[in-house]
Amino acid sequence: MYKYTLNYTEQMYAATKAILPCFTVTLKEEIDGNTLAEAVQRALSYHPHFKTQLIKEDGLFKLVENERKPIVKESAWSDEIRYGGEDYNFFPWVITYTGKQIVFSAYHCLTDGGGTLCFLFAVTRQYLELLGVKFETEIGLVAPENVERTMDNMFEVNANPAVQGLPKPDFGEAAPLPPEFYETDSAKISTYRISLKLPDVKKLSMESETSNFTVVAYVIAKAMERAMGKNEGIVNIRIPVSLRGTFKSISDRKSIIIPHLCYDIKLMGGLRRKMVETIFKSQLFLLSDKVNAIEGCNQMVESTQNLMAHPEKLDEMAKAFDEGCNAMNAGISYSQATNAHSFGEMAQYMENYGAYHFPQCMRYMEIIGNTFGGWINLSISQSSKNDILVKKITEVLTEEAIRFEFEKMETHGIMRPV
């Protein structure tokens, strides 16, 4: 039976019971529950990292092999689900289904968006194969000789103390926001989806010779500037960057670092869009450099070693970590979880793939982008009063002639640990 101790960031998320959003795979036909349950069990043979139970031992959190079978239930979209306990055989994640949708959420300490995608790919492939679909590619599979690598601690594997990162520009801290910027009444908090026409975004990225990501990042930064109503200060766009691509890893463990793009309102607010996108492109070049990724691994290993030497400080560290994540400042997390080619031949059997936040009165603002069927779907979690941030995003999109559809989401009942 295998067991492994979580790294520093995983420990922080475990201690604060942080959760992933609700991820959904929507197929073209109604889900058969028995077939889905078998597909999940088969997928675990490719992803043993998910065949685990979260425990606390000697003051720190660990994942230990779980010999039970996962419980897969049909659940109404509005149902609140409490997983991690006996009702779901102690798995730190849950898969349910409703109508055509497969629904997933998990402890954030277990994995990230990339790991979630790999596991859901496996589940979806196994489900479709059980229904008789034949695939021509290996999408959703892991070669038997590589299965053990899905449990790699990527930071430990790729750390190298001899490597130092490249110098990065320091624009300063994100501008503080006053308490009145935020809504505190949970009844007034909503989750939104804004779907952008992919060809319109692509047209602008080609004009600036950048990427779809930088175009959307510009929209977010400009919207935040207007929502703040200030003519100076720093907007930080936090970028959860998966290191899987950098190190050619297939690890299912949480494998991100979070650098940030900096938008200086005083210096950049008056620039044209193409110039801002070019500046973002240069920042991304530094942030995505492999040397800096190795430095990120070094920092994670050092932080983990310090915590393991002083496990009694976990609660204190987790409290400070949580306060930092929810600081009142002009910081927004933006990630692009999938692109137009992510689903390969599985796409023909799907209607959509999405990520839906659970509406909560948090100061942490997050936008997750998923590209599917000619759209970039942005799931937006924020608690700005009167939804000013969302309104400004639509305002900037209109000015830039990016066609979009806008809707307030009926979100899944919250899925959380016991």
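The second largest pocket of this predicted model has a volume of about 1,200 Å³, where a pocket is an open set of points on a 1 Å grid over the protein atoms alone, with protein on both sides within 12 Å along at least five of seven lines, and a volume is the space filled by probe spheres set on points joined across faces, edges and corners. Of its 34 lining residues (an atom within 4 Å of a point), Ile257, Ile258, Pro259, His260 and Gln299 are the closest to the centre. Among the elements giving two or more residues to this lining are α1 (8–15), β12 (256–257) and α9 (273–287), while α10 gives the most, with six; helices (H or I, at least four residues) and strands (E, at least two) are DSSP runs numbered from the N terminus.

Two cavities of 30 Å³ or more are counted, a cavity being a set of points where a 1.4 Å probe fits but cannot get out. The largest is lined by residues including Arg193, Asn370 and Ser379, and β15 (350–356) gives the most to that lining, with five residues.

The table gives volumes and lining classes, with Ala, Val, Leu, Ile, Met, Phe, Trp, Tyr, Cys and Pro as nonpolar, Asp, Glu, Lys and Arg as charged, and the others, Gly among them, as polar.

| Space | Volume | Lining residues by class |
|---|---|---|
| Largest cavity | about 60 Å³ | three nonpolar, five polar, one charged |
| Second largest cavity | about 30 Å³ | three nonpolar, three polar, two charged |
| Second largest pocket | about 1,200 Å³ | 16 nonpolar, twelve polar, six charged |

Residues are numbered from 1 along each chain as its sequence is written, and side-chain values use heavy atoms, without hydrogens and water. Local features need pLDDT of at least 70 and side-chain atom pairs count only at pLDDT 80 or more, whereas totals for chains, interfaces and linings use all residues.
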